[in-house]
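Hi,

Here's the structure I said I'd pass on.

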Amino acid sequence: MDGFLTQLLTMLGYQLPELLACVAGVAMLLMWAPAAPGRPLALAGTGLMLAAAVFRGAMSAWQAWLIHSAADGYASISGMMSLFGAVGMLLGVVSAAGLVMLAWGASQAMQAARAPA
């Protein structure tokens with residue numbers, strides 16, 4: 001069990017910076033950003049990035065558990081590794097879409113702030 005815990009914490013540690021950044025982004029948008037055009041879009045984009053980070057962390061924990069509990073080494077989970085790769089790529093696309101939404105919302109807010117009243 002000791003090797004599993006080390007592997008689990010290592011895999012989750014790789015996800016921690018992105019997870020913390022997304023939580024901080026959502027908190028800043030909720031507390032400090034005034035109601036402006038683009039704010040809901042930026043919040044939705046940051047929420048997508050947060051959801052992708054959470055799912056990526058859960059997938060990492062599941063992957064660590066599968067590797068640790070494999071009875072005959074990696075042969076029994078080789079098919080699952082390709083599934084993890086595909087899901088990881090999909091989560092990367094979701095995270096990238098969230099970043100685009102965040103940038104789009106921020107640019108709408110900046111354009112609204114620049115427009116003459």
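Gln63 sits in helix α2 (helices are DSSP runs of H or I, at least four residues, and strands are runs of E, at least two, numbered from the N terminus). With a relative accessible area of 18%, Gln63 counts as buried (buried is under 20%, exposed over 50%, partly exposed in between, with a 1.4 Å probe and protein chains only). If you skip the neighbours within four places in sequence, Gln63 is in contact with Met11, Met81 and Phe84 (contact being heavy atoms within 4.5 Å).

Before I go on, bear in mind that this is a predicted model: local features need pLDDT of at least 70, side-chain atom pairs count only at pLDDT 80 or more, and totals for chains, interfaces and linings use all residues. Residues are numbered from 1 along each chain as its sequence is written, and side-chain values use heavy atoms, with hydrogens and water left out.

Trp62 belongs to α2 and Phe84 to α3, so the pair ties together parts 22 residues apart in sequence. Trp62 is partly exposed at 41% relative accessible area, whereas Phe84 is buried at 5%.

Phe84 is also part of the largest nonpolar core, a set of six residues with Met59, Leu66, Ile67, Ala70 and Ile77 (a core is buried Ala, Val, Leu, Ile, Met, Phe, Trp, Tyr and Cys joined through side-chain atoms within 4.5 Å). The most comes from α2, which gives three residues.

As for α3, residues 78–114, its 37 residues reach 54 Å from first C-alpha to last, close to the 54 Å expected (1.5 Å times one less than the number of residues). Its buried residues include Phe84, Leu91 and Gly98, and the buried residues of α3 pack against α1 (2–31) and α2 (39–69).

Overall, the chain has three helices and zero strands. Its C-alpha trace spans about 70 × 25 × 15 Å along the principal axes. Buried residues make up 26% of the 117 in the chain.

Cheers
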